[in-house]
Amino acid sequence: MKHADVQPLASRVAGPVLVPGDEGYDEERTGANLAVRHEPDVIVGAVRAEDVQEAVRFAGGRGLPVAVQGTGHGYATAARGGLLVTTRRMTQVRVDAGRRTVSVGAGARFDQVIPAAARYGLAPLNGSAPHVGVVSYVLGGGVGLLARTYGYAADRVRALELVTADGQLRRVTPDREPDLYGAVVGGRDNFGIVTRLEMDLVPVARLYGGGLFYDAGAAPGLLAAYARWAEGTPREMNSSVALIPMPDDPDVPGPLRGRHVYHVRIAYTGDAADGARLVAPLRKAGPVLLEALADMPYRHSGSIHDEPDVPVPFQRETAMLREVDDAVARTVLEHAGPQAPVPCVVELRHVGDALARAPRHPNSVARSHAPYLLSVVTLLYGIPADDTSPVYDGLFAALEPVTCGAALNFLGHGPHAREERVRAAYAPAVLRRLSRLKAAHDPSNTFRLNYHIPPTTP
Ligand SMILES: Cc1cc2nc3c(=O)[nH]c(=O)nc-3n(C[C@H](O)[C@H](O)[C@H](O)COP(=O)(O)OP(=O)(O)OC[C@H]3O[C@@H](n4cnc5c(N)ncnc54)[C@H](O)[C@@H]3O)c2cc1C
């Protein structure tokens, strides 16, 4: 596409409109995952809802597919052609302390919401990394740091502003448009682009949290031991364990440098003394290399997982597991442990409990009774993405007997976002309903560069 083709659009949009070759095009299309980049014919850097409307109308008039990017941590499919809406400039955050709600623009990140809410002793149900975008995380379910205690972030959505495929800006609430509300919360941009989202906050001002690190070589049974420990803890105890190949890098604390380590992460909403008592048995699971556990203000909770806020190329895949016993732990380690042909970060989160609760307003996030969420991530430095496929395919096939679904937010991109994988993230009846609604709201399938829900054919 040339400048002349997009001139009418650029004259109506407040943000930048860029075509390939423009200064700023590369920066605008680049998100947090450098593994693959969108290659759209045109990018609209939206600063307001009207820009999104103009972009969708422009694309609709030319039969172009539309993709949307917030911070770029979680796209499913890279756009090859079409129109990309970026929302990184739409970062407004408004906390209403009286109603315990927050209203966020499409591009806001949790590290903007957490301090704003903390001023009133409140917190959002954010995930492990505060630099992730709020809207996409929440619409994908949102299995947060406090998921066991408070359930899905998606269940707290009060209202959405949504630009649908016809270019209309609609206010969507559970009362005004229950079907569309239930479709977007869980179905993300299959039904339109959210320009603003309002959700409840929870009264959490502090935590007992942090982590313990173990040498993986000296604690071979830690994965299964962690699972046995986690199952006996109350729902106020949110935890996970990650097996991480630590780089041999001076920035890494000495005891961890260059080793495969287990990192057990703790976010306990009860008091510090109870938290310390509950964590104590974990110290017997192996020699602890490093420990950092303390009472902390919630605004510091990003330090628990301590995921770096720098763009990296990565691949990810996930499964919900109904059990993790010695045999399952062995399977995980055989495929993705220290001997795996590609380096893998394996994370096992203890979830369940509040995630199984029915939401106050129906949405399309699959309810899960599964106690574990397993995800595997590979940093693709010098590793072709195709090299991860045998490892991931082998592992997730071997785990099939204990797998019961997948979490949309962790599915991964490219081959990991194929339609049969996406299906695992929805209950079958919900998926059929979403396909009917997709046909009604997006008959031309404008929003297809995503975890795609195919429209029902008449
Ligand atoms: C380090 C890290 C930690 C994570 N931790 C957690 C966690 O604890 N819990 C959890 O549940 N998830 C977690 N995730 C997954 C994360 O929630 C998803 O990847 C999410 O999609 C990221 O949102 P984003 O805006 O950053 O991504 P983007 O790549 O910008 O967006 C991803 C997709 O969301 C859709 N989308 C984006 N903006 C809009 C919009 N305005 N309207 C409609 N659809 C839109 C589009 O399909 C887009 O392709 C984590 C991811 C990473 C990389």
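Q: How many residues surround the ligand, and which are the closest?
A: 34 residues surround the ligand, and the closest are Gly70, Gly74, Gly127, Gly133 and Asp189. A residue counts if its C-beta atom, placed from the backbone, lies within 6 Å of the molecule. This is a predicted model: local features need pLDDT of at least 70, side-chain atom pairs count only at pLDDT 80 or more, and totals for chains, interfaces and linings use all residues. Residues are numbered from 1 along each chain as its sequence is written.

Q: Which element gives the most to that shell?
A: α5 does, with four residues. Helices (H or I, at least four residues) and strands (E, at least two) are DSSP runs, numbered from the N terminus.

Q: OK, new topic. What's the strand order in the open sheet?
A: The order is β5-β6-β9-β7-β8, with antiparallel pairing. Two strands pair if DSSP finds at least two bridges between them. The edge strands are β5 (93-96) and β8 (169-172), each pairing on one side only.

Q: And how many bridges join β7 to β9?
A: Six bridges join strand β7 (residues 157-163) to β9. Leu162 has Val194 in β9 as its bridge partner.

Q: Which strands does helix α7 touch?
A: Helix α7 (residues 178-187) packs on the sheet and touches β7, β8 and β9. Contact here takes C-beta atoms, placed from the backbone, within 7 Å.

Q: Last one: how many residues of domain 1 are in contact with domain 3?
A: 10 residues of domain 1 are in contact with 12 residues of domain 3.

Notes
Two residues are in contact if their C-beta atoms, placed from the backbone, lie within 7 Å. Axes are lines fitted to C-alpha atoms, for helices over the stretch in contact, and angles run from 0 to 180 degrees between N-to-C directions.
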